[in-house]
Amino acid sequence: SGEEGIYPHLIKFCEGHLEKLNPKSRALRKEIPVATEASFSKDEWNQIMDDLRTWAEETKKSETLLKQEPVFDLLKEKIPPVRSSISFVPLNEKSFPKQRTNSSKHVLPRDYQEWDKFDVEEECNKVDGVLKIDPPAILNTGHPNIKRAVDASLLSQQEKFLLASREKDKGNEAFRANDYKEAIAYYSRSLSILPTVSAYNNRAQAEINLQHWHNAMRDCQQVLELEPRNKKALLRRATVHNHMGNFQMASEDLRMVLQEEPNNATAIQLLSKIERKLSDCLPEQQSKGKKILIEELEEQEEQRACPVQPSQPVGGEESSAAPAERGDMGNAQKKPHSRGDGGPHSESSNSHHGHWRGKGGTSDKYKVTEESKVANGSSKRGSTASVQGDKRSGVKGATGGGKAEESVNLDAPCGALPPHLSRLKNEGNLLFKNGQFADALEKYSQAIQGYTDSGIDSPEDLCILYSNRAACYLKDGNSQDCIQDCTRALELQPFSLKPLLRRAMAYESLERYKKAYVDYKTVLQIDISVQAAHDSVNRITRLLIEQDGPEWREKLPDIPMVPLSAQQHRREEPPSEEVLQARAEKATRDAERRAEIHFSAFKQEGNDFVKNGQYQEALGKYTECLKLKPKECAIYTNRALCYLKLERFMEAKKDCDTALELEPGNKKAFYRRALANKGLKDYLACSSDLQEVLQLDANVQEAEKELEEVTVLLRQSLANTAQDKPRKTVPIKEVDGDEDMTDVPASESSCTRDNINLKPSSAYEFEPQLLPQYLSDQLDGHTISFIMKALDLHLLGKNPNLVYRHLHHLHTADRFSVVLMLLEKDERRYMTQLFEHLSAVESTEFTKGDVQNLANKYI
Amino acid sequence: MSSPLSKPQIIAHIQKSLNYTVFDSKWIPCSAKFVCLGNFARGTGVIQIYEVQHGEAQLIKEVEKPKPIKCGTFGAASLQQRHIATGDFDGNLHIWNLEAPDVPVYTTKAHKEIVNSIDGVGGLGIGDGAPEIVTGSRDGTVKVWDPRQKDLPVANMEPVGGETRRDCWTVAFGHAFNDQDRCVCAGYDNGDIKLFDLRNMSLRWETNIKNGVCCVEFDRKDININKLVATSLEGKFHVFDMRTQHPTKGFASISEKAHKSTIWQVRHLPQNRDIFMTAGGAGNLHLWKYEYPAQRSKKDSDGVNVGVAGSVNLLQNVNLSTQPIASLDWSPDKQGLCLCSGFDQSVRVLIVTKLNVA
């Protein structure tokens, strides 16, 4: 090396060897020059410098903000007072301080002399003050002393943020030092200042480490409320579930995590563990499996985890599943399944309609493929609850196309919408995409509200907004509102595809198949390629055949081009019994399905008997039907017909009443009740029923004929008995009378109030306290001066008290102060005159002071 | 050592030469500005305010004071006011409003001799309770001040009459985790370290580390005392685990000899109490991380709890200069931003990277 005593090779070798033996050896520590730009790659360096620059800029801004904030002295009140006394703590300056202490303040350690002077009482008091209790070691694990809440009410947002993150840091440090209780204390402090996701998350982890499962669970829920798809929280909740024995829920959470981040090692590991556990305990759980699953899903509602779009490709199966009670996936999934079973039955019962069979067949084929998927899924679900993920991924793939349209850019302009509305809309889209339907709903509603407020004329955009909101409603299972929104959208933009499709789905979910059918058909007319509509039409066709028998087509309203007119015919159609079915549990559903088959069979037979005139037999069949389905309106009307034919009017009337209860606008029921009433000789009721019928449908000729007949009968009966008829008009007359009373005829002084449509007979009759009421918001300068003049010229001489009372009440009228300001000079003069005159008058009712006070209000 | 860039790196971002001797430098909280305190060659004191702008330190304000200023702290000031408390060569304690630094907002003759060290608590949202300032002086006293009380200290720790007065080199607050509890730690030239309990006005603990104590600091002021680092003249520093106090053995500690000369300063990272930096007399900086042991306390043979010290890992060491680095301050706002000044009459802004992975 050239230098004496320095051997670079030897040094290098020794260092190399030392590094192998003890890589942390002090001898290996080398001074290195401080790092410079050259020590970093360009990217790294730029990143560091950018970071610093942005920080410098941000701090500058926040500093100016800080300076602008008012300095409030309130803070000072929180601060404890100045330490009361000047306390001297003597030091013991000795080379061996531990050996000699002579201070009474000194606690540890004591020398012998001090022990001589030991005062037990005093020491005990001291001990109470500090942690110095007899177990001689002082453990500074003071977390019980840490306040868990911080009063941050007086702090600005920025200070709060700073403080909260500092408390969180303290928590993190305590956590790293394995002092979880302290960590929790500090996280709680942080949260009490400003709730943040990370603090909740960290506290959850600390609680997990302390095995406080319930607290941990609560924190995870909090996080998920703030941020529904937070991976950490899901993972932690899964851990908690795992420990609490809820393996199903744990695996649900883990799947969610894996969906977000497919390679999360922890999640994969935990999941495989849980699945093993699950399969172990499955045998004894199997019978209960389904129930647990459902409960769990309801509980997890807040997660809003279905990323499914109501786009076309998802089609039939989804539309039937989605609107069912949310979270109740088990049922929803079962539904198409049971329908599938029902299909062949109805087929066989309607087998004499060959040409429809063909179509039904194809629809069945569709069903089968779909069903197999679903059935396959549900069986899996039973065992591992894994289906949600599977299904979702499947659906996701299918919806890929539909999803693309939902832009992520929140500020992307939307049509003619102003920026804030388009932002709302985009936010809504995003939320929708994330499965937060309720939130999306709110955004869209806001957008719609904003739209109507701003008065923009752009029906396309409003239509889209309505349509999107409808999608939210559909997702939330609120089919009624969905239909409403779709209808609105369609009013704005007739025959737009999406609203139509959504409405169809909503109708279908409400089991109003005919309307759904019409909408689907309309959709297909607009765009033949919508597969979902094809599938649904097929399915509904089958259902309608099943429901209405061979003539289902005749019962169907006109489909094409005129969907609105189609709706009007709808009223007479009985809503199907399946509304109930949607809500019923799966167990009862099976029974119902069976019942339905019997029911339609009975009904068919009954109808046949009626056609053949065998009313007694038909009656029996219908009664059977009603035993199965006591809420079927059509059956009641049919049975009523039988009763009528058999001249059992009382029963007929009763049936019609029930039918009308079920469906208030059923004109068949009205007509038949009219006939029943006629049979019972209650002509009045009969005629009113007939009038109802005619009101519903003016073209029913039988009803007209009957009405004429009944009116004749009624007149005859009227002549004999009571005069019921005029009664109807009486109340109207009474009302007229009342109105007249308020319009009191005009009189001489009424000229003052002519212009405001008030005609009290005279100022004397007129109640002054009602004056503001009469005037309402019609008051103007003209009126005031009229009143003033009238009071001054006509009334003051006769009754100054009344004048005072008028004035006393007049100034309480609406707009009075405004009008007062706008008075013209002349008018003001009248007023001053009036008050002068008034103050000149002596009265028992008011003093001069009163008048002066009043005058102050006027002048 | 295999991948040097995965370790935290210390970057000298800005270096600013000064025309005076700088004793202390401090970041102004919630800003990108810092204060330098020192003395001119002519024997007067100086306060300078700099702002970090576009990779440079811009001088914003300079005020000359009659006496050289030794030390300063923002610890007792509110975030909004950010008044700095300084101690000078004459034993005066001043509080300055940096917006109007000509007249002090608070002044008192605190000590008979130079104020070597100052620390504050109760401000900046750090530490519950009243704002208080502690000063340590060559006259051997440690005094606690409340800015709301003029002239008289609220606590005075001084040797009883007749005893030799040791030079107090360093003071630090700690244990301020609620309204009442508060501790002051003081280090003396003879190696004494004393811990005063301000709640009970008593000496809670003392020890001697055989070498003059240059700097003491708690890992955090506003938590239950957890760790204390004390640096000494001969290049050694001690880390005390303050959680378990044995009646005779006191606190468990670990010592580490790192620098070849005096360790002038130790500062804990405000964002992570287990990382700290020491500044040495040979112009070098060492970045350390404390690792907790598996169990922080155990029972000794008498069944009494005794603390267990952890270990320290060197994360990074760099050489900045040939002169001692006398002051060190982490930015409270920006993790990894650090300020140091030395006797080479310069102040440096350092960036320490990758502190999170450490």
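**View 1. B:Arg182 over the ring of B:Phe173 in the predicted model.** The close-up shows B:Arg182 positioned over the face of B:Phe173, with a distance of 6.0 Å from the ring centre.

**View 2. B:Arg42 over the ring of B:Phe40.** Here B:Arg42 lies over the face of the B:Phe40 ring, and the distance from the ring centre is 4.4 Å.

**View 3. The aromatic pair of B:Trp205 and B:Phe240.** Across all chains, a search of the whole structure finds twelve aromatic pairs. One of them joins B:Trp205 and B:Phe240 in an edge-to-face arrangement, 5.2 Å centre to centre and with 75 degrees between the planes. B:Trp205 belongs to strand E17 (residues 202-208) of chain B, and B:Phe240 to strand E20 (residues 236-246) of chain B; the pair therefore ties together parts that are 35 residues apart in sequence. B:Trp205 has a relative accessible area of 6% and is therefore buried, since the cut-off for this class is under 20%. B:Phe240 is likewise buried, at 4% relative accessibility.

**View 4. The aromatic pair of B:Tyr290 and B:Tyr292.** The ring centres of B:Tyr290 and B:Tyr292 are 5.2 Å apart, and their planes stand at 85 degrees, so the pair is edge-to-face. The angle meets the criterion for that class, which is over 60 degrees. Both B:Tyr290 and B:Tyr292 are buried.

**View 5. An aromatic cluster with residues from chains A and B.** The cluster comprises A:Trp55 together with B:Trp27, B:Phe34 and B:Tyr50, and ring pairs link these residues.

Key. Residues numbered from 1 in each chain as written. Chains lettered and ligands numbered in written order. Predicted model: local features only at pLDDT ≥ 70, side-chain atom pairs only at ≥ 80, totals over all residues. Heavy atoms only, no water. Phe/Tyr/Trp six-rings, centres within 6.5 Å; stacked < 30°, edge-to-face > 60°. Helix = DSSP H or I, 4+ residues; strand = E, 2+ residues; numbered from the N terminus. Buried < 20%, exposed > 50% of the residue type's maximum accessible area, 1.4 Å probe, protein only. Lys NZ or Arg CZ within 6 Å of the ring centre and 35° of its normal.
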